[in-house]
Amino acid sequence: VCGLSEGDLEQRRVLVRSDFDLAAYSSAALRWIIAPRTALTPGKGARFIGMADVREIREATGAFRILDNRLGGGRIRPTVVEYLHTDIAPLLRDGRCAEDVRRHLFSAAAELAQLAGWQAYDLEMQGLAQRYLVQALTMARFAGDEGLGGEILAAMSHQAVYVVRPDQAIDMAQAAQLAGQHAGLPILQTESIVMEAHGHALRKDAGSCSRALRRAEATFSHTTGRDLPAWLSYFDEAYFAAKIAHCFYALEQGKQTEKYALRSLDMDPRYIRGKAFNLALLAIGYALQGELDQACLRGREAVDLAGSLDSARAITYIRRLFTELAPHAHEDQVRGFR
């Protein structure tokens, strides 16, 4: 973790410009599932650590997450990486604490590393994002945190979908489902199943996608929303609807994309980046149906939000909308929008 964050801060080319590695996630998921658990001994370093230190890390990560959703990955990523390198890595290496505190420490550090990876992914630094997520998964496993490990596996699936690697996306999603089941978190299972559905949709396997979506809806119906860990609090009905809309977009079903993208807009207003994605997705749904006025109207709203973000993914969503509008490039409203 120290070496990775140091290389990131120094902008080492081999890290920051590395590409998505097809083998990295499969081997990480296999280790998560079958490798024996590592014995966790109490730390014997010079600095004593208590649960107050762990709570401070979690509070900082929560604050970083809020800013990430509001501003995009690029605005605060250097601060997150600096915090991971300067403040957290030394605690992992040199902290002295009881075994239960050490497990919580590694779990909190895993959550922070996951956020660093997610921000790199948001900037489309795909290889670097993978490295952070693999380290996060390793730390979650070391801490014995099944739930957080499942969330990290789901994030890996999310990234694999984005770079159009459906086989890897399905593998990661299925591993995440196992972790969610072991952790007793139906919402995590729902998230993982809908990510599997998205992988099937990318393969144009409408039947497998439909079956996975039915399983996801059945699992979601059993959720209560109570006592969720902070890192899972974003997953609600609006987020679920957005993921379903993505599946239908991959299957090129404009009407269904529109239906669920509209539902996704009933979302927490703090998630500015997510709203930009969902507006662009809704515009794409209209474009697939040839409803150009609505596509351009919603597209303008997405552009307005994307302009306030430092998020490469937000720009990619706009580009995808332009691609869907390309057959109508001669129309006045499309020319004006472009």
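**Entry 1: a charged pair between helices**

I started with Glu 196, which counts as buried at 6% relative accessibility. This is a predicted model, so every value I note here is computed from predicted coordinates. Who does Glu 196 pair with? I found that Glu 196 makes a salt bridge with Arg 215, with 3.0 Å between the closest N and O atoms. The pair ties together distant parts of the chain: Glu 196 sits in helix α10 (residues 186–202), Arg 215 in helix α11, and 19 residues separate them. Is Arg 215 buried or partly exposed? Arg 215 comes out as partly exposed, because its relative accessible area is 37%. I also wrote down a network here, in which salt bridges with shared partners join Asp 68, Asp 122, Arg 273 and Arg 313.

**Entry 2: other salt bridges**

I wanted the total next, and the count comes to 17 salt bridges. As a reminder to myself, side chains of opposite charge can pair when their charged atoms come close.

How accessible is Arg 65? Its relative accessible area is 19%, so Arg 65 is buried, with the cut-off for buried being under 20%. Glu 111 is buried too, with a relative accessible area of 4%.

Then I looked at Arg 12, which forms a salt bridge with Glu 10, the closest N and O atoms lying 2.7 Å apart. Arg 12 is partly exposed at a relative accessible area of 36%. Glu 10 also counts as partly exposed, at 46% relative accessibility.

**Entry 3: α11 against α12**

Two packed helices are described by the angle between their axes and the distance between the axes, so I looked up both. The axes of helix α11 (residues 206–220) and helix α12 (residues 237–250) come within 11 Å and cross at roughly 175°. α11 and α12 are therefore roughly antiparallel to each other, since an angle over 145 degrees counts that way.

Which residues make the contact? On the α11 side I listed Cys 209, Leu 213, Ala 216, Glu 217 and Phe 220. On the α12 side there are Glu 237, Phe 240, Ile 244, Cys 247 and Phe 248. By class, the residues of this contact split into eight nonpolar, no polar and two charged.

While on α11 I checked Thr 219, which is found in that helix. At 15% relative accessibility, Thr 219 counts as buried. Leaving out residues up to four places away in sequence, Thr 219 touches Pro 186, Gln 189, Thr 190 and Ile 193.

On α12 I checked His 246, also placed in its helix. His 246 is buried, at 8% relative accessibility. Where does its side chain go? The side chain of His 246 reaches the backbone oxygen of Ala 242 at 2.9 Å. With residues up to four places away in sequence set aside, His 246 touches His 198, Leu 281 and Tyr 317.

**Entry 4: Gln 130**

Gln 130 lies in helix α7 (residues 126–143). I noted it as buried, with a relative accessible area of 3%. Which backbone atom does the side chain of Gln 130 reach? The answer is the backbone nitrogen of Asp 21, at 2.6 Å. Asp 21 is also among the residues Gln 130 touches beyond four places in sequence, along with Asp 19, Phe 20, Ala 24, Tyr 25 and Gln 159. I also checked Val 14, which is 116 residues from Gln 130 in sequence and 13 Å away in space, C-alpha to C-alpha.

**Entry 5: positive phi**

Most residues other than glycine have a negative phi, so I went looking for exceptions. Val 164 has a positive phi near 60°. Val 164 lies in the loop between α8 (146–162) and α9 (166–183), and at 48% relative accessibility it counts as partly exposed.

Glu 252 also has a positive phi, of about 60°, although it is not a glycine. Glu 252 sits in the loop between α12 and α13 (254–264). Is Glu 252 buried or exposed? I have it as exposed, because its relative accessibility is 59%.

Definitions and conventions:
Residues are numbered from 1 along each chain as its sequence is written. This is a predicted model: local features need pLDDT of at least 70, side-chain atom pairs count only at pLDDT 80 or more; totals for chains, interfaces and linings use all residues. Side-chain values use heavy atoms; hydrogens and water are left out. Helices (H or I, at least four residues) and strands (E, at least two) are DSSP runs, numbered from the N terminus. Buried means under 20% relative accessible area, exposed over 50%, partly exposed in between (1.4 Å probe, protein chains only). Contact means heavy atoms within 4.5 Å. A polar contact is a pair of N or O atoms within 3.5 Å; within protein, one must be able to donate a hydrogen and the other to accept it, and residues adjacent in sequence count only if both atoms are side-chain atoms. Axes are lines fitted to C-alpha atoms, for helices over the stretch in contact, and angles run from 0 to 180 degrees between N-to-C directions. Angles under 35 degrees count as roughly parallel, over 145 as roughly antiparallel, 65 to 115 as roughly perpendicular and the rest as oblique. Ala, Val, Leu, Ile, Met, Phe, Trp, Tyr, Cys and Pro count as nonpolar, Asp, Glu, Lys and Arg as charged, and the others, Gly among them, as polar. A salt bridge is a side-chain nitrogen of Lys or Arg within 4 Å of a carboxyl oxygen of Asp or Glu.
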